[in-house]
Amino acid sequence: MANKRIAIAGFQHETNCYGATKAGLIEFEMADSWPGMLISAQVISETEGMNLPVAGFTEAAKATGFEVVPILWCSAEPSAQVSDHAFETICGMLLDGICKAGQIDGIYLDLHGAMVTEAFADGEGEILRRVREIVGPDVPVVASLDLHANVSAQMVEHADYLSIFRSYPHLDMAETGARCVPVLQRLLAGETLHKVFRTMPYLIPLHAQHTGSAPFNEIYQLPVRFERQKILAEIALGFTAADFPDTGPSCVAYAARAQQATVAVEEIVNLFVAREADIDCSMLSLEEAVLISRQSREKPVVLADVQDNAGAGGTSDTTGLLAVLIESGAKSVLMGLFHDPESAKEAHVAGEGALVKLAIGAKSNLAGHVPVNAEFEVLALGDGACRYTGEMYGGGVATLGKTAALRLVGHEAEVDLVLTSIRNQCLDRAHFTHIGLNPKNYSVICVKSTTHFRADFEPIAGEVFAVSSPGAFLCDLEKIPYTCITRRLPKTRETVFDTSKADSKKKILIL
């Protein structure tokens, strides 16, 4: 396979159709939790060694002897729809780069799988359609997708192979990109891979998609078993905030014989149906979260503000959980990341050690949300360059903008906060330690994240709970005003939380 020229490109967005703001071109050009827009050789040099699909593909492709021809790579923090201007501009750059790259033997695309634009409900399907249109039917096109992809028939049709993450938290992103290389080798050698696509009958909220828990720790063993039978099986769990007909879980299998692929997808679908009742969609109420926060433990309890996750299109500035913890007098609490550029700027003006009155959060104008008005001590200030140390993004650098660590004063409650000027999901302990706060030193850690935080915070946690506090990323699917969904909500088991160790006599006021 030496001397085969493979064009590579990436265009990533996870679209929350109920988000507060859309993704314009500037959002794809800027750095946030991932690098800013990369052009040509930067695609390789600026992602090398990172846990990103494009990095994994590049490393494996070079080892195979492929000549990698980088076009562009970009992503934007999850939000509402991608603007038509951004989509058409970036697609134009991608297609133009392929056309100008000379003789190309294959294409690799690093996509997400849940992009919705102003004009196209199936963003990735449209990207793949356009790529296929210019390269023709004989050039192999492979792509990697996020575990939360809403896979469509159009995506399956135009790609010869779709490789999908198998872990949530996404610890295998580079591995997923690398998995495309041996498939591309087979396609270039003239093999035919028959593909069969199936969808599951129900939706799954993201906080219930943790692949370290039942039933997904069992379900994701199937692709490994099928590989031993020379069948490629890929499973996506879907992104429930993207409202279009293909939203939801699905699977696709590839094999030398169509019957092999059919048997594989039927087994996967049957297991999903059989294990539906084992999916745990439960969340703590705010009242239960307060009671849990009072329990004495040797290790911190982690309360996940799952519905205000920047990594799922949340605003990261809702204050429901913060308000009840302050009102209840909660002790030894660490919370972040709050996206609040205005308050971060005020803290920088005041300086470290200063006392400053701030209105924290609720700057995104979501209905029903109000800021927390209080006095804070400015513990530390930063420029927002945060080098990840956890397994998921370790080695990469988050760009947070002006950052501030604050301590609540004048209240019975003991609460420290981290504010940022650029939205970022709180999924790595470095989000706190880079500004001098060690999560291990607190009794309660509140993270604005849905599941990714588990990779780095579970090792130090006594217990972990999802909390139902209002936000722009609804995990209670019954409350989402869907208009295009074709699949039903899941039938799941109920979990009863043990709050018996808490002092329930103290009044809880929900603000």
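Predicted model: local features only at pLDDT ≥ 70, side-chain atom pairs only at ≥ 80, totals over all residues.
Residues are numbered from 1 along each chain as its sequence is written, and side-chain values use heavy atoms, leaving out hydrogens and water.

Cys475 is in no disulfide either, with the sulfur of Cys281 as its nearest cysteine sulfur, 9.4 Å away. Cys475 is buried too, at 3% relative accessibility.

**Two helices in contact.** Next I checked α3 (residues 53–64) against α8 (residues 180–188): they pack at about 45 degrees, and their axes are 9 Å apart. Helices here are DSSP runs (H or I, at least four residues), as are strands (E, at least two), numbered from the N terminus. Axes are lines fitted to C-alpha atoms, for helices over the stretch in contact, with angles from 0 to 180 degrees between N-to-C directions. The angle makes α3 oblique to α8; under 35 degrees would be roughly parallel, over 145 roughly antiparallel, 65 to 115 roughly perpendicular, and the rest is oblique.

On the α3 side I listed Phe57, Ala60, Ala61 and Thr64, and on the α8 side Cys180, Val181, Leu184 and Gln185. Contact means heavy atoms within 4.5 Å. By class, I get six nonpolar, two polar and no charged residues for α3 with α8.

**Leu222.** I found Leu222 in helix α10 (residues 222–227). Is Leu222 buried or exposed? Its relative accessible area is 6%, so Leu222 is buried. Leaving aside residues up to four places away in sequence, Leu222 touches Glu267, Ile268 and Leu271. I also took the C-alpha separation from Leu222 to Lys100, 122 residues apart along the chain, and got 41 Å.

**Helix α13.** How many of the eight residues of α13 (residues 320–327) are buried? Seven are, leaving this helix mostly covered. My list of them runs Gly320, Leu321, Leu322, Ala323, Val324, Leu325 and Ile326. Just after α13, Gly329 has a positive phi of about 75 degrees.

Methods:
Nonpolar A, V, L, I, M, F, W, Y, C, P; charged D, E, K, R; others polar. Disulfide = S-S within 2.5 Å. Buried < 20%, exposed > 50% of the residue type's maximum accessible area, 1.4 Å probe, protein only.
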